[in-house]
Amino acid sequence: MSLKKGPGGMELGECTRNPGYQNVEGDGSAAETINVDPGEKHDSSALKLDPDAVEEYTQIKPYAGMPKEVLLQYSSLARYRVPREILFWLTVACTLVLVALTITVIALSPRCLQWWQASPVYQVYPRSFKDSNGDGVGDLKGIQEQLDHFLYLNIKSVWLSPFYRSPMKDFGYDVEDFRDIDPLFGTMQDFEELLAEMHNKGLKLIMDFIPNHTSDRHRWFNLSRTRDPHYKDYYVWTDCNATGPKPNNWVSVFGNSSWTYDDVRGQCYLHQFLKEQPDLNFRNPNVYKDMTDIIHFWLEKGVDGFRMDAVKHMLEATHLRDEPQVDPSKPAESIQTEFDLHHDYTYTQLGLHDMLRGWRAVLDVYSREPGKYRFMVIESYDYQELEKTMMYYGTPLVRESDFPFNFYLLYLPQNTSGLWVKDLVHLWMANMPKGKWPNWVVGNHDKPRIASSAGQTYTRVINMLLLTLPGTPTTYYGEELGMENINVTDSQIQDPAGKYNASASRDPGRSPMQWNGDMNAGFNIKTNITWLPVHPDYRSVNVEVQMKDEGSVLAQYRFLNTLRQSELPLHRGWFCYVHADASVFSYLRELDGLDRAFLIVLNFGKESATTDLSSIRELPDQLKVLMSTNQINNGKVLQKSRILTEAAEGLVIQYSTHTRFNPNHPEQCYVSEKACYLSAIDILYKC
């Protein structure tokens with residue numbers, strides 16, 4: 001060791017040797033370790049170092065501010081290194097476990113429900129919903145004024161009937177311009193503001209898309225009738241003359257021949273609806289391209305989906321042969337309605353589904369952004385040919401619509417029987433492709449109101465059926481109130497179908513929405529005019545009154561819809577038949593792993609009935625009514641062997657059980673996508 005003299009005479013060690021540095025864990029004890037406070041002042045004589053004193057010096061303990069070299073010496077010691085390595089590998093192991101657990105949860109989790117599955121679809125008929133400018137006709141601004149009504153009902157999906165520019169021969173289903181708003185309903189700016197406000201409130205907008213035909217005032221038709229080279233084949237034309245026989249026996253939906261002679265072109269054109277609604281020729285690829293461009297136009301605007309109108313009419317056989325008569329003995333000249341013919345050459349022709357799947361692919365492109373799924377529903381009245389309706393679901397390999405509308409509950413009024421209701425429900429559930437999503441419709445703008453056709457008494461029990469069946473319910477505006485048909489005199493008829501045949505008028509089910517007891521039921525508060533009369537019961541049947549009444553049709557609808565969306569068994573659980581007779585239809589809604597289930601008991605008969613479910617061992621002996629359509633029975637405790645219901649009464653019964661009905665009765669149960677509940681961590685998983 002070498003020493004140097006400092007300025008004060010202190011001798012400094014230039015290269016102090018410290019044997020304890022390399023073996024601080026050696027034999028030296030704590031007592032032998034010299035503790036020195038680096039900031040302490042010492043007498044210079046006391047710090048005089050001699051060789052013997054330096055040799056006995058051992059390493060000091062760690063201290064704040066020590067140089068990096070000292071710190072590194074300590075960090076390599078076992079007492080520090082081993083805990084550090086243990087913590088490192090524990091962190092790695094925990095990270096791997098969390099990643100594996102996350103992947104497992106994702107892999108085992110069932111698919112989340114889309115917005116069109118989680119909420120009912122509410123149909124707004126714009127002419128009749130709310131008039132904002134006092135002209136007697138509802139409009140887009142009026143709809144925007146009433147958006148909170150959907151929120152009150154817990155509705156998220158709103159379908160608007162047509163508001164395109166139109167001559168209104170068929171109230172908007174005769175489109176003059178697919179890219180414009182009819183002034184009767186407002187402007188494009190009004191539409192964009194409505195759409196933006198709906199999205200701000202978490203609502204989805206579904207538009208009507210009308211592919212089969214246009215108005216005879218559409219630019220394409222005017223160019224086609226003058227034989228413009230590009231547009232001459234945009235419609236279905238064939239040779240005929242003004243006074244001669246029609247090209248064949250095809251009949252319009254509104255009655256009489258589907259053919260009309262055009263003086264300008266000197267040929268007949270096809271129209272399966274009004275003569276002012278010429279059919280497009282989808283065998284011309286340019287027509288399909290132009291209609292696809294229109295879909296792009298509205299998707300770019302931000303609409304959330306489309307209802308595809310009257311799609312079964314889109315293609316016709318090119319040979320134009322007569323269609324077979326239902327009654328071959330009937331004179332050909334007496335054929336006047338669509339029900340007189342078998343529509344082998346005009347409905348659901350080969351190639352139709354390819355076009356619809358092409359449009360589905362377009363919607364899928366716009367559905368790639370999370371939370372922006374674009375919905376597609378098909379309208380097709382196939383009556384007894386249910387297998388044709390089911391084809392709109394697509395195939396296991398190719399997607400088509402999310403679902404075709406299920407119109408079979410429209411037949412409810414034909415029979416007041418629990419067995420009849422079960423048959424109508426089973427008709428769809430038994431024929432629906434495996435894994436697909438069901439839906440239910442009890443009314444729309446083309447049909448009489450269900451409260452009138454089935455009877456006001458049955459409104460509540462029908463709403464309970466609609467909101468507790470599996471799948472997506474569709475509610476026509478006013479059904480949540482129990483609105484009924486109006487009486488329309490011959491002079492008041494607006495519907496073109498009614499002008500042809502007064503008994504076929506659809507006006508009675510299209511009366512203005514009843515908001516309150518003020519002038520015009522609150523539909524038009526600026527002037528005393530409405531395009532159709534308001535129902536005379538509007539002072540007692542309206543939104544304002546029923547919001548204040550816990551037992552009203554509106555309050556019960558809201559409760560059931562909220563229950564449906566909040567309870568897993570009701571919106572994605574098993575659906576199982578348990579009973580049906582001349583009066584009562586009853587079923588279970590349950591979810592594997594969840595100890596909470598629901599029994600639904602619906603009396604569609606004309607008398608009170610006692611239902612004995614004692615043979616259903618999975619049910620507890622005592623059952624408590626969660627909700628009855630007869631409010632006085634809420635909370636009642638019933639024996640499962642004696643469940644009493646009055647005529648038109650419905651019960652929602654919630655019960656607890658660890659025994660499931662579906663495993664032992666697979667032939668009586670249906671589920672679109674099976675899922676189980678794990679209560680320990682409160683999640684759903686595939687099972």
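## Lining of the largest cavity

By class, the lining of the largest cavity in this predicted model has four nonpolar, four polar and one charged residues, where Ala, Val, Leu, Ile, Met, Phe, Trp, Tyr, Cys and Pro count as nonpolar, Asp, Glu, Lys and Arg as charged, and the others, Gly among them, as polar. The residues in question are W250, V251, S258, L270, Q272, E323, H343, T346 and Y347, and they surround about 50 Å³ of space. A cavity here is a set of points, on a 1 Å grid over the protein atoms alone, where a 1.4 Å probe fits but cannot get out, and lining residues have an atom within 4 Å of a point. The volume is the space filled by probe spheres set on the points, with grid points joined across faces, edges and corners.

Residues are numbered from 1 along each chain as its sequence is written. Because the model is predicted, local features need pLDDT of at least 70 and side-chain atom pairs count only at pLDDT 80 or more, whereas totals for chains, interfaces and linings use all residues, and side-chain values use heavy atoms, with hydrogens and water left out.

## The largest pocket

The largest pocket has a volume of about 1200 Å³, a pocket being an open set of points with protein on both sides within 12 Å along at least five of seven lines. Of its 47 lining residues, V253, E338, Y383, D446 and K447 are the closest to the centre. The lining comprises 22 nonpolar, 16 polar and nine charged residues, and at least two residues of it come from each of α14 (450–453) and α16 (496–500); helices are DSSP runs of H or I of at least four residues and strands are runs of E of at least two, both numbered from the N terminus.

## An open parallel sheet

Eight strands form an open sheet in the order β13-β12-β11-β7-β4-β3-β15-β14, with parallel pairing, where two strands pair if DSSP finds at least two bridges between them. The edge strands, each pairing on one side only, are β13 (403–404) and β14 (439–441). Strand β12 (residues 375–378) pairs with β13 in the parallel sense over two bridges, and I378 stands opposite P404 in β13.

## A salt bridge between loops

A search of the whole structure finds 29 salt bridges, each defined as a side-chain nitrogen of Lys or Arg within 4 Å of a carboxyl oxygen of Asp or Glu. One of them joins R217 to E176, with the closest N and O atoms 3.7 Å apart. R217 lies in the loop between β7 (204–209) and α9 (219–225) and E176 in the loop between β5 (164–165) and β6 (177–181), so the pair ties together parts that are 41 residues apart in sequence.

## Annotated regions and domains

UniProt, in an unreviewed entry, places "domain: Glycosyl hydrolase family 13 catalytic" at residues 123–510, and such annotations may be inferred rather than shown by experiment. That span is 27% helix and 12% strand, and its end C-alpha atoms lie 12 Å apart. The unreviewed entry also lists residues 86–108 as "transmembrane region"; over these residues the chain is 100% helix and 0% strand, with the end C-alpha atoms 32 Å apart.

The domain assignment, whose bounds come from an automatic or database source, gives domain 1 (75–108), domain 2 (213–281 + 316–346) and domain 3 (577–685). Taken over C-alpha atoms, the centres of domain 1 and domain 2 are separated by 75 Å.
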